[in-house]
Number of protein chains: 2
Amino acid sequence: MDARASGFYKPHMSENLPCIILDRPQLAENIGAVARVMGNFGLTELRLVAPRDGWPQEKAWTMAAGAQWPLDGAMVYATVEEATADLQVVYATTARNREVNLPVITPRECASDGMGKAREGLKTGLLFGAERTGLETHDLIHAHYIVTIPVDPRFSSLNLAQAVNIVAYEWRLQIMDAPGAEFTKNQDPPAEMKHLVGLYEHLEAELDVSGFFFPEAKRPSMVRNLRSSLNRASLTEQEIRTWRGVVTALTKGRGRVLARLAKEKAEKGE
Amino acid sequence: MDARASGFYKPHMSENLPCIILDRPQLAENIGAVARVMGNFGLTELRLVAPRDGWPQEKAWTMAAGAQWPLDGAMVYATVEEATADLQVVYATTARNREVNLPVITPRECASDGMGKAREGLKTGLLFGAERTGLETHDLIHAHYIVTIPVDPRFSSLNLAQAVNIVAYEWRLQIMDAPGAEFTKNQDPPAEMKHLVGLYEHLEAELDVSGFFFPEAKRPSMVRNLRSSLNRASLTEQEIRTWRGVVTALTKGRGRVLARLAKEKAEKGE
């Protein structure tokens with residue numbers, strides 16, 4: 001803080017550090033408190049999804065107690081999908097959610113796993129939900145892991161900045177431990193989320209044509225199950241192209257038969 | 001939180017848990033935020049040394065967001081000496097202080113060492129300083145260890161509740177590591193490989209019909225790529241059933257058009 005005040009502070013920018021994504025934060029004070037925590041633990045990149053009271057908000061800068069650079073550089077997005085589009089690994093901090101089949105890990109495992117991936121050059125993000133509601137189930141389809149802070153189940157309501165604090169602290173320990181050794185990779189990196197979403201939307205559109213999502217009321221949970229199971233595969237860009245080819249191949253000819261059936265119906269005057 | 005609201009909450013009292021001691025806290029809001037953190041991590045005993053604005057303070061209860069028991073039971077003392085009088089081991093969280101020759105340990109070492117001592121029946125306390133000034137050198141004579149949170153030295157100004165949060169979190173991990181504590185898993189186990197192979201063979205048979213594997217010489221490597229990418233998802237049995245349903249849905253109707261095309265060809269005598 002002192003360094004900043006005296007004007008020679010220059011935040012340490014690194015592609016290897018995770019960005020912090022706040023989904024629909026309500027109070028500007030909490031956004032500011034998150035920025036302060038980011039300053040404490042050396043994180044710089046803040047993304048805001050649809051902040052309730054708009055952005056920027058003066059109160060955030062007040063609460064940041066000098067850690068203004070995450071706020072100055074904060075990017076605002078309309079949806080979690082957009083905020084995670086260029087990320088390759090997304091860790092969502094939330095209470096256990098039985099509706100989503102993603103690996104549940106601790107903050108320590110998140111930092112350990114994430115630092116490994118960051119050293120391979122992957123772009124990582126830490127996603128946090130709104131103050132009262134946390135992350136919605138449908139937001140978790142943009143995540144690869146669920147990070148659960150081991151709170152006392154009898155009083156599990158964590159303040160937003162406190163949740164960021166714990167996860168950022170564990171990352172800090174990893175960053176400080178960072179050995180010089182390079183990670184060897186035997187795999188291409190996972191694609192950015194936007195490519196994965198492209199595959200999902202392609203697949204789901206074809207499944208809509210098939211009447212797969214029946215009854216309609218179950219569509220959201222069915223989509224969630226499909227997406228979260230495939231998220232776990234961390235597909236590369238090449239693999240995503242291959243799987244899009246699979247979807248196309250499987251549906252080939254179907255358009256023709258459907259068109260023909262429609263035509264026959266029309267001819268019969270149905 | 002829910003348990004509390006419904007009235008049957010009973011804080012878990014244990015002689016083995018450390019008390020939290022705040023030395024001359026300034027803002028009641030921060031005391032309340034500390035209580036909330038204590039609730040999150042299962043701590044119950046709060047001691048206040050000369051709170052600047054007196055005690056009790058309504059704002060503390062508001063900020064505690066339901067974790068009122070540390071506040072309800074808080075004891076007020078005039079000095080650190082009095083507040084630590086009955087303790088056997090005191091850990092003071094502060095930046096490194098060269099004027100005091102005490103062992104400097106991390107929050108993790110504090111929790112590990114402290115839990116060991118608590119299990120021996122020793123009474124432990126975690127001492128934190130005032131918001132702006134931290135712990136004074138003369139207060140440290142009541143401590144056995146200095147606990148230093150590994151913040152970025154370029155922005156080291158930690159919020160009081162955030163400091164308590166980190167240390168209490170590390171204690172929580174130690175408490176949970178105690179025999180009997182369990183971290184529950186979110187996920188069903190991955191299916192046996194035979195179920196996965198069933199899905200693969202189903203998919204590949206349909207792709208053969210589509211002419212997807214072209215040229216034929218590339219079929220083995222294409223199959224390998226599909227299988228290995230999906231292996232990484234560690235699908236459960238239920239998910240495998242769902243994905244088989246996807247394959248069936250996508251290919252639906254195709255058999256009909258292929259049969260019709262074959263028939264037309266035959267009729268044309270091709």
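Mentor: Start with the angle words: under 35 degrees counts as roughly parallel, over 145 as roughly antiparallel, 65 to 115 as roughly perpendicular, and the rest as oblique. This is a predicted model, where local features need pLDDT of at least 70, side-chain atom pairs count only at pLDDT 80 or more, and totals for chains, interfaces and linings use all residues. Residues are numbered from 1 along each chain, chains are lettered from A and ligands numbered from 1 as written, and side-chain values use heavy atoms, without hydrogens or water.

Look at chain A. Helix α2 covers residues 28–40, and helix α7 covers residues 160–177 (helices are DSSP runs, H or I, of at least four residues, numbered from the N terminus). Their axes come within 8 Å and cross at roughly 15° (axes are lines fitted to C-alpha atoms over the stretch in contact; angles run from 0 to 180 degrees between N-to-C directions). α2(A) and α7(A) are therefore roughly parallel. The crossing is right-handed (the near helix is turned clockwise from the far one by less than a right angle; anticlockwise is left-handed).

Which residues of α2(A) and α7(A) make the contact? From α2(A) come A:N30, A:A33, A:V34 and A:V37. From α7(A) come A:L160, A:A161, A:V164, A:N165 and A:A168 (contact means heavy atoms within 4.5 Å). Seven of these residues are nonpolar, two are polar and none is charged (Ala, Val, Leu, Ile, Met, Phe, Trp, Tyr, Cys and Pro are nonpolar; Asp, Glu, Lys and Arg are charged; the others, Gly among them, are polar).

Note on methods:
Helix = DSSP H or I, 4+ residues; strand = E, 2+ residues; numbered from the N terminus.
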